[in-house]
Amino acid sequence: MTPRATALLLFLLLLCGLAACQSSVALLCPVRSEKYPPRSNYSSNLGSLLLQRIYKEGRILFYYNVTEGDPPDTVYGHFLCRPDVTADACLSCIDKGSSNIVTSCHEWKEAIIWYDECLVRYSNRSFFSVMESTPVSGRSIPLKSSYSDFFRAALPNLVWNTTDWAVASVSHYATTNLAGPSFMEMNVRAQCTPDLTRPDCRHCLAVATSIMNKLSDMKQSAQFYLPSCYIRYEISGSKTHAELPGPAVNGRTDSEGGHRKASVRKWVVSSTITGVCLVTIFAGSCILRKLVANIREGKEIGKQVRSINTSKDLRGKVLNIESRAEVAVNNSGDKYSMRLCDIRMATNNFSDDCKIGQGGFGPVYKGMLADGREIAVKRLSRTSGQGLRELKNEVALIAKLQHRNLVKLLGCCIEEQEKLLIYEYMPNKSLDFFLFGMRFFCSFRTIISRRLD
């Protein structure tokens, strides 16, 4: 990527950051980091990593480690989404985080930004599989409720159970809800980056919990974000009040002071909006002028910018097609349907460590469901000849051929761009024989499938 293309790419990120509607819940620009000069190799590698690598992989994964460039200008980065968010929400959060992290930590070689749905992080040093508990970002909201004592007594045990489940989970994520009085509810959530070992995840969450325990009183919400993990709780319901009392004189509200502060706030808000509008207009004119100049000179910058928008449109069309296919399968009344998020958690997001073989139509992974059942997941390759019709035929056929000497079909999954068949991971060799051999059975399956059609 040329220096001019890099400058324009980062400028677009800055502009997108200014226009972002939802702010981050935590932002860490480590003070130990150094700055990189504009239009440098590091700047170019960072732009490629955020838009071309992290954004691209974010369309199909909920966690990914990536590097860009050669030493000494290598950029290390990763993103992490909550396993229970949709693919669209994950991608939207990554897009927003990639823009805002450049805006908020401009020219710093290391930065971390947390949202409710995701995390985006980059650095000039390798931090993969390294537990880091500093720096810490935290925030809390006071709780005004007559049931504070109830939640204060229940919180320690709820936090302990949630962190314990997060450590044990393959995705290092857990969430717990507790119903309280008067339709109130407490939610506790904990998550570590999946590249940590279980002891490191437990250590990180223990640090976050110890910081949270130092709070002097019960809060409506409290959250503490570390580079490698976070923990948070929130109380919701009709009986929670986060309003703070205003200044009072002789037991009455100082209305004159309140009006004065309101006027100041209005002036600050109007000035900020005016400034943002002026910056946006100026930035837009600069971008337009640069784009016209690059088109005339035959540069590749316009193609890169258009490719980003094209990938978004194409992805929307693909998701639309796949969603229609998924609705068609669900409407067919197929009782074997399973959720993609459950399969991802069972196979550690299709980790190579869980891969047990490669068949003619794609790889097979071992895994364990939340209820303790061991499974084998046949992941049909996107380049294979097996499509939605063939998968439905195979499900119908195997359901009719259930036998104690054959592997048992537990379910199937058609979500996003995945087509999966889930079998029980059997102690004898019947699973290997069923998934990777038995050419005669494949021919027999084709004949039966035609009859089923």
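**Exercise 1.** In what order do the five strands of the open sheet lie, and is the pairing parallel or antiparallel?

*Solution.* A word on the source: this is a predicted model, where local features need pLDDT of at least 70, side-chain atom pairs count only at pLDDT 80 or more, and totals for chains, interfaces and linings use all residues. Residues are numbered from 1 along each chain as its sequence is written, and side-chain values use heavy atoms, leaving out hydrogens and water.

Step 1: read off the order, E1-E4-E5-E3-E2, with antiparallel pairing. (Strands are DSSP E runs of at least two residues, helices H or I runs of at least four, numbered from the N terminus; a pair needs at least two DSSP bridges.)

Step 2: find the edges. E1 (26–28) and E2 (63–68) each have a single partner strand, so one side of each lacks a neighbour in the sheet.

Step 3: zoom in on E3 (residues 75–81) and E5 (residues 118–123), an antiparallel pair with six bridges. Here Leu-80 sits opposite Leu-119 in E5.

**Exercise 2.** Which strands does helix H2 touch?

*Solution.* H2 (residues 41–57) packs on the sheet and touches E2, E3 and E5. Contact means heavy atoms within 4.5 Å.

**Exercise 3.** Where does H4 bend, and by how much?

*Solution.* Step 1: go to Leu-155, where H4 bends by about 40°. (The bend is the angle between axes fitted to the seven residues ending there and the seven starting there.)

How values were computed. Axes are lines fitted to C-alpha atoms, for helices over the stretch in contact, and angles run from 0 to 180 degrees between N-to-C directions.
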